[in-house]
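Colleague: Hi! Could you walk me through this structure? I'm new to it.

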Amino acid sequence: MARAKRYIINDGKLLLTLEEAEEGGFVVTSPVDPELITEAETIAEAFENARDALAALAASRRKLYAKFPAARRRVARSA
């Protein structure tokens, strides 16, 4: 089995890693935020889906930090 090709791309605001998926398209991640994982068929769609995923992650983190304020302090200290 051949290794999937991997590409690192950016649009000046967002850095993404695209890895060719077996079923076609790409698995999209970001070295800047390891929790960002999505899929796309094109590069344009990769950026659009990544921005949507980042917005969802931000909303989820806000809920988490509202529920567990101590978690936010731990993240801030480790950064």
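Modeller: Happy to; we can go through strands, salt bridges, the helix and a surface patch.

Modeller: Bear in mind that this is a predicted model, where local features need pLDDT of at least 70, side-chain atom pairs count only at pLDDT 80 or more, and totals for chains, interfaces and linings use all residues. Residues are numbered from 1 along each chain as its sequence is written, and side-chain values use heavy atoms, with hydrogens and water left out.

Colleague: Thanks! Which strands does β3 pair with in the antiparallel sense over 4 bridges?

Modeller: Strand β2, residues 15-20, pairs that way with β3. β3 is also joined by 4 bridges to strand β4, residues 37-40, and these two run antiparallel as well. Strands here are DSSP runs of E with at least two residues, helices are runs of H or I with at least four, and both are numbered from the N terminus. Two strands count as paired if DSSP finds at least two bridges between them.

Colleague: And which residues stand opposite each other there?

Modeller: Leucine 18 is opposite valine 28 of β3, and valine 27 is opposite glutamate 39 of β4.

Colleague: Which residues of β3 are on its covered face?

Modeller: Phe26 and Val28 are on the covered face of β3 (residues 26-29), with Val27 and Thr29 on the uncovered one. In a regular strand, side chains alternate between the two faces of the sheet.

Colleague: What about the hairpin of β2 and β3?

Modeller: That hairpin has 5 residues between the strands, and glycine 24 takes a positive phi near 105° there.

Colleague: Changing topic: how many salt bridges are there?

Modeller: The count comes to 4. The rule asks for a side-chain nitrogen of Lys or Arg within 4 Å of a carboxyl oxygen of Asp or Glu. One of them joins glutamate 19 and arginine 6, at 2.8 Å from N to O. Glutamate 19 lies in strand β2 and arginine 6 in strand β1 (residues 6-10), so this pair ties together parts that are 13 residues apart in sequence.

Colleague: Is arginine 6 buried or exposed?

Modeller: Arginine 6 counts as exposed, at 57% relative accessibility, while glutamate 19 is partly exposed at 27%. The cut-offs are under 20% relative accessible area for buried and over 50% for exposed, with partly exposed in between (1.4 Å probe, protein chains only).

Colleague: Which residues are linked in a network of salt bridges?

Modeller: Asp33, Glu35 and Arg61 are. The closest N and O atoms of arginine 61 and aspartate 33 are 3.0 Å apart. Arginine 61 sits in helix α1 (residues 43-67) and aspartate 33 in the loop between β3 and β4, so that pair ties together parts 28 residues apart in sequence. For glutamate 35 and arginine 61 the closest N and O atoms are 2.4 Å apart. Aspartate 33 counts as buried at 12% relative accessibility, whereas glutamate 35 is exposed at 51%.

Colleague: And which residues of α1 are buried?

Modeller: They are Ala46, Phe47, Asn49, Ala50, Ala53, Leu57 and Tyr65.

Colleague: Last one: which residues make the nonpolar surface patch?

Modeller: Ile8, Leu15 and Val32 make it, with an area of about 300 Å². Patch residues have over 30% relative accessible area and no salt bridge; like charges are joined within 9 Å, and nonpolar side chains (Val, Leu, Ile, Met, Phe, Trp, Tyr) within 5 Å. Areas come from the Shrake-Rupley method with a 1.4 Å probe, and for residues only the protein chains shown count as cover. Valine 32 is in the loop between β3 and β4 and counts as exposed at 64% relative accessibility.
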